[in-house]
Amino acid sequence: MSEAVTKDLAAGTMAGIAQLLVGHPFDTIKVKLQSQPIPPPGQPPNFSGAMDAVKKTLAAEGPKGLYKGMGAPLATVAVFNAVLFTARGQMEALLRDPSGSPLSVSQQIVAGAGAGVAVSFVACPTELVKCRLQAQSALAGATVAAAAAPAPTLAGVGVAATGGTATATFKGTAAAVQYSGPLDVARQVLRSEGGTLGLFKGLTPTLLREVPGNAAMFGAYEATKQYIAGGKDTSKLSRGSQLLAGGVAGAMFWVSVYPADVIKSVIQVDNYQNPKYNGTIDAYRKVVAAEGVKGLYRGFGPAMARSVPANAACFLAYELVRESLG
């Protein structure tokens, strides 16, 4: 393994940890908003918006509820970000001219797209586990509502939780939880949803998110740095400028690909035994038919609120570790 790869692995790992600690609560709220059902006629949704979701999550589960599902990405954050930043570093090496001059913005876009292909195969199973853990409290609420009203049309999930194995015990508003943790999700998927392939449910929309999203993110990061520096040499930028560039990069990721993330989430929490969606295109059509274009932007507010500080922390951590390693 080359020295450059080792440095990218180490820096990418620390970048991912920083991003996760800052951003996971926002991500939890995003997924809850994305996966909540369309309510029966005349009834309000489980969550009226991001702040309502935060309040209800804190009331029901306490602060730890905002970090639900973090075990899976925490366990794989080293792999995910190591792959992302190492693949991007290898793409940079391929694109860099013999003189060793810094890459142009367009070259960083290509490097980001290549990194997006590689990281999709890590992101898909990790996020399937995370999304199911984050969404199950919303799914439990949908099951309770279904017991008291005609079966509603759901946006992204069946009335029963994914996998067709959930049961509910009605005592007031309490419902049984389907998954006990990340490993339990993986075990149930491997056992009842087609083995290893079940963990890659939603791979197509994951690719549709990661490839253009990382192209936009790394391109925006480089463009912002070069704009502030006044040229391609960005080695003298302050930490504040690096934070700003990272925040802009994170925002550009979601602005460019958010609908793909919604489709990924609804597919990954769909009922395996009685699926509502027959692939990416079918999911897109049904979400738009049920909710209009705004259905493709459920949870966009918390995603953007998360993206700026989380990616600012991610890129700054990467730069700090990379510089410390020489």
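Visitor: In which helix is A215 found?

Guide: This is a predicted model, in which local features need pLDDT of at least 70 and side-chain atom pairs count only at pLDDT 80 or more, while totals for chains, interfaces and linings use all residues. Residues are numbered from 1 along each chain as its sequence is written, and side-chain values use heavy atoms, with hydrogens and water left out. Helices are DSSP runs of H or I with at least four residues, strands are runs of E with at least two, and both are numbered from the N terminus. On that basis A215 is found in helix α6.

Visitor: Is A215 buried or exposed?

Guide: Buried means under 20% relative accessible area, exposed over 50%, and partly exposed in between, with a 1.4 Å probe and protein chains only. The relative accessibility of A215 is 10%, so A215 counts as buried.

Visitor: How far apart in space are A215 and G114, C-alpha to C-alpha?

Guide: In sequence, A215 and G114 are 101 residues apart. In space, their C-alpha atoms are separated by 8.0 Å.

Visitor: How many helices does the protein chain have?

Guide: From the N terminus on, the elements run α-α-α-α-α-α-α-α-α. There are 0 strands, and the number of helices is 9.

Visitor: Is α6 roughly parallel or roughly antiparallel to α7?

Guide: Axes are lines fitted to C-alpha atoms, for helices over the stretch in contact, and angles run from 0 to 180 degrees between N-to-C directions. Helix α6 (residues 203–229) packs on helix α7 (residues 239–268) at an angle of about 170 degrees, with the axes 7 Å apart. Angles under 35 degrees count as roughly parallel, over 145 as roughly antiparallel, 65 to 115 as roughly perpendicular and the rest as oblique. The relation of α6 to α7 is therefore roughly antiparallel.

Visitor: How many residues of the contact of α6 with α7 are nonpolar?

Guide: Ala, Val, Leu, Ile, Met, Phe, Trp, Tyr, Cys and Pro count as nonpolar, Asp, Glu, Lys and Arg as charged, and the others, Gly among them, as polar. The contact of α6 with α7 has 10 polar and 5 charged residues, and its nonpolar residues number 19.

Visitor: What distance separates the end C-alpha atoms of α6?

Guide: The expected span of a helix is 1.5 Å times one less than its number of residues. For the 27 residues of α6 that should be 39 Å, which agrees with the distance between the end C-alpha atoms, 38 Å.

Visitor: How many aromatic pairs are there?

Guide: Rings of Phe, Tyr and Trp (its six-membered ring) pair if their centres lie within 6.5 Å; planes under 30 degrees apart count as stacked, over 60 as edge-to-face and the rest as tilted. By this rule the number of aromatic pairs is 10.

Visitor: What kind of aromatic pair do F85 and Y318 form?

Guide: The pair links F85 in helix α3 (residues 71–95) with Y318 in helix α9 (residues 300–324), 233 residues apart. F85 is buried, at a relative accessible area of 1%, and Y318 is buried too, at 7%. The centres of their rings are 4.4 Å apart and the planes 15 degrees apart, and the pair is stacked.

Visitor: What kind of aromatic pair do F253 and W254 form?

Guide: F253 counts as buried at 7% relative accessibility, and W254 counts as buried at 6%. Their ring centres are 5.1 Å apart with 75 degrees between the planes, and the pair is edge-to-face.
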